[in-house]
Amino acid sequence: MTYVVGQAFNAFSDFSMQPSASSLTPSSAPSKEARDALYRGVGLAALELVGLAVGSFALGSLSSSLWIWVGEINTRMVRRRVYDAVMGKEMAWFDLHVGSGGEETQEGEGGDNQGTSVGAGGLMAKFSRETDDIRAASSLALGQLLQYLTTALTALLLAFSRSYSLTLIILASIPLLILTQGLAQSLSSPLLHLEREQTAQAASTLERALVHLGSVKSYNAQNYFLSLTTSSFASLQRTARRLNTLWGATSAAAQFLMMALFVQAFWWGA
């Protein structure tokens, strides 16, 4: 599309460079050949843009549908495998890992053992969250990644064929951008893992309180479960705040470096 728009501007530029176009006298109006060339160039560019719009709409819709379908297939396969794996476990595994008072415990933030195991509710919350992540990563996001990668490679080849020096100047900030994104991913991965664990822990605590509601009322354990739930939600809030701060700083740095690409190009051209 950028190339077609460039052709349209090139047609206007060629028309303005005609010898008779700079004069304002009626006798020196642009020649018929110049006007025909302008009409032909702009008309072809308009038709090409219309064709690109129709093709982009059709291919984009088809591509999105197919990639979403692929994501649903992958999610269904993962769910079936997890279901088969869970159903193949021995009864002792459920007593130790999915019971309401099992020996397996989740470690809180900073390594503190909070003495709570992941129950069925926590397991389902964690499973639902992770399958949603698989669906999001393997469906439309993967298709867009491949599409943008292909577009970037094609644009690089076209840019190097036109002006390799200007292309190298523009790409000078790319290593810093890659370093920034890599650092952000390395810092956010532990926080995301911690957030999943805290979500499972909070769901398990709520499940135990609801399942054993009679015992909780009999032994006046409301404050205990309330403190556990409040602590889990507070940990989730702290983790979410740290993630938002990290992603905000990363987004700001990425936008700054992206704008630096244009600044470098204009500076070199000046």
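Y224 has 46% relative accessibility, so this residue counts as partly exposed. F225, at 18%, counts as buried. The cut-offs are under 20% relative accessible area for buried, over 50% for exposed, and in between for partly exposed (1.4 Å probe, protein chains only).

This is a predicted model: local features need pLDDT of at least 70, side-chain atom pairs count only at pLDDT 80 or more, and totals for chains, interfaces and linings use all residues. Residues are numbered from 1 along each chain as its sequence is written, and side-chain values use heavy atoms, without hydrogens and water.

The count comes to 1 aromatic pair. Y224 and F225 form this pair, edge-to-face, at 5.4 Å centre to centre and 80° between the planes. Rings of Phe, Tyr and Trp (its six-membered ring) pair if their centres lie within 6.5 Å; planes over 60 degrees apart count as edge-to-face, under 30 as stacked and the rest as tilted.

UniProt (unreviewed entry) places the feature "transmembrane region" at two spans. Such annotations may be inferred rather than shown by experiment.

Helices are DSSP runs (H or I, at least four residues). Helix α1 (residues 2-16) packs on helix α2 (residues 32-87) at about 170°, with axes 9 Å apart. The two are therefore roughly antiparallel, a term for angles over 145 degrees. Axes are lines fitted to C-alpha atoms over the stretch in contact, and angles run from 0 to 180 degrees between N-to-C directions. Contacts (heavy atoms within 4.5 Å) involve, among others, F12 and F15 in α1 and L49 and L52 in α2.

Conventions: Parallel < 35°, antiparallel > 145°, perpendicular 65-115°, else oblique.
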